[in-house]
Amino acid sequence: MKDIKSIKKELNSKNDFRKKHTEAVVKVAVNMAKRYEIDITKVRIAALLHDYARNFSNKELIKIVKNNNIEIDDWEKELPNLLHSPVGAFLAKKEFKIEDKEILNAIRYHTIGRPDMSLIEKIIFIADIIEPNRDFPGVNLIREKVKVDIDKAVILVCDFTIKYNIERRRIIHPNTLLTRNKLLKGEY
Ligand SMILES: [Fe+2]
Ligand SMILES: [Fe+2]
């Protein structure tokens with residue numbers, strides 16, 4: 001596995017316009033990792049690489065998925081903008097030699113979520129949406145919630161994503177609904 005320094009060097013050399021977002025996600029995610037007392041290095045790597053494939057064109061993403069038999073579901077086939085997550089996880093393994101399942105899953109599911117996410121996955125899923133450059137009604141509520149109850153914060157992120165897609169009449173990936181349902185289940 002490459003170390004953080006060389007990962008950062010490679011990301012910088014790409015002069016990524018997502019750099020600002022990525023740096024902010026790293027900061028927020030590391031803070032959360034400290035609060036929840038989990039492996040900061042793993043969280044840092046997942047945050048650094050979560051949007052590695054974000055700037056690729058849809059055409060490029062589809063090509064990488066096909067050429068490498070990356071497993072995607074039928075909904076992801078319909079929604080090429082989601083493909084930067086599975087492609088990012090694939091490249092994290094291939095180019096950065098990351099084998100750690102939790103890091104790879106955190107990258108793989110950062111956009112759609114999945115029921116039974118690990119703590120690292122939850123942290124990246126949330127940090128992506130609440131980093132300081134994000135501004136939408138309700139974002140502060142999530143920022144507060146995450147300090148006391150990470151699962152409730154995940155529910156709020158799902159709420160945001162679902163509403164966002166409804167307002168734009170877009171398909172909602174079922175994982176986001178399943179994640180929300182699973183976490184809500186114990187609440188009644
Ligand atoms: Fe992303
Ligand atoms: Fe992101």
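The points below go from the whole chain to single residues.

1. This is a predicted model, in which local features need pLDDT of at least 70 and side-chain atom pairs count only at pLDDT 80 or more, whereas totals for chains, interfaces and linings use all residues. Residues are numbered from 1 along each chain as its sequence is written, and chains are lettered from A and ligands numbered from 1 in the order in which they are written.

2. The protein chain holds 11 helices and 0 strands, where helices (H or I, at least four residues) and strands (E, at least two) are DSSP runs numbered from the N terminus.

3. The radius of gyration, taken over C-alpha atoms, is 16 Å, which agrees with the value near 16 Å for a compact globule of 188 residues, the rule being 2.2 Å times the number of residues to the power 0.38. The C-alpha trace spans about 45 × 35 × 30 Å along its principal axes.

4. Buried residues (20 or more other C-beta atoms within 10 Å of their own, with C-beta atoms placed from the backbone; exposed means 12 or fewer, partly exposed in between) make up 39% of the 188 residues.

5. N69, in the loop between α4 (58-67) and α5 (74-78), is not a glycine and yet has a positive phi of about 50 degrees. N69 is exposed, with 8 other C-beta atoms within 10 Å.

6. K97, in the loop between α6 (84-96) and α7 (101-108), is not a glycine either and has a positive phi of about 55 degrees. K97 is exposed, with 9 other C-beta atoms within 10 Å.
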